[in-house]
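Q: I have just opened this one and would like a walk through it, please. Could we begin with the pocket?

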Amino acid sequence: MSVEEADFVYLREKTDSTAGNLSVQLDKLSSAGYISVEKGFVGKKTRTLCRVTAKGRQAFEEYVAALRTYLDI
């Protein structure tokens with residue numbers, strides 16, 4: 001949530017995920033409408049760019065609020 005957009009390589013490095021696992025998770029988030037995924041090319045290399053949607057930001061804020069309630073923070 002600290003960046004407006006992130007590419008696949010950045011997300012893989014930050015989450016320490018395998019490419020396959022990250023791909024599955026991004027598909028789930030995209031299907032739920034929490035992120036938008038844009039696929040394209042930079043030169044001859046493929047590039048997958050992800051952005052959090054308004055729905056995704058709202059869901060994240062609700063999740064954090066619920067955690068705070070559970071943890072009495």
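**The pocket and the fold**

A: The lining of the largest pocket divides into 15 nonpolar, 6 polar and 3 charged residues, where Ala, Val, Leu, Ile, Met, Phe, Trp, Tyr, Cys and Pro count as nonpolar, Asp, Glu, Lys and Arg as charged, and the others, Gly among them, as polar. This is a predicted model, in which local features need pLDDT of at least 70 and side-chain atom pairs count only at pLDDT 80 or more, while totals for chains, interfaces and linings use all residues. Residues are numbered from 1 along each chain as its sequence is written, and side-chain values use heavy atoms, with hydrogens and water left out.

Q: Which residues lie nearest the centre of the largest pocket?
A: Of the 24 lining residues, M1, L11, L29, I35 and V52 lie nearest the centre. A pocket here is an open set of points on a 1 Å grid over the protein atoms alone, where a 1.4 Å probe fits, with protein on both sides within 12 Å along at least five of seven lines, and lining residues have an atom within 4 Å of a point.

Q: And which element gives the most to that lining?
A: That is α2, with 5 residues; β1, α1 (8-15), α2 (19-31), β3 and α3 (54-71) each supply at least two. Helices (H or I, at least four residues) and strands (E, at least two) are DSSP runs, numbered from the N terminus.

Q: Switching topic, what pattern does the protein chain follow along the sequence?
A: The protein chain reads β-α-α-β-β-α. Its radius of gyration, taken over C-alpha atoms, is 14 Å, well over the 11 Å that the globule rule gives for 73 residues, so the chain is more spread out than a compact globule. That rule is 2.2 Å times the number of residues to the power 0.38.

Q: How do β2 and β3 pair, then?
A: Strand β2 (residues 35-42) pairs with β3 in the antiparallel sense over 8 bridges, and two strands count as paired if DSSP finds at least two bridges between them. F41 has T46 in β3 as its bridge partner, and in the hairpin of these strands, which has 2 residues between them, G43 takes a positive phi near 65 degrees.

Q: What about β1 and β3?
A: Strand β1 (residues 5-7) and strand β3 (residues 45-52) are also antiparallel, over 3 bridges, with E5 opposite R51 in β3.

Q: And what follows α3?
A: D72 comes after α3, and its phi is positive, near 55 degrees.
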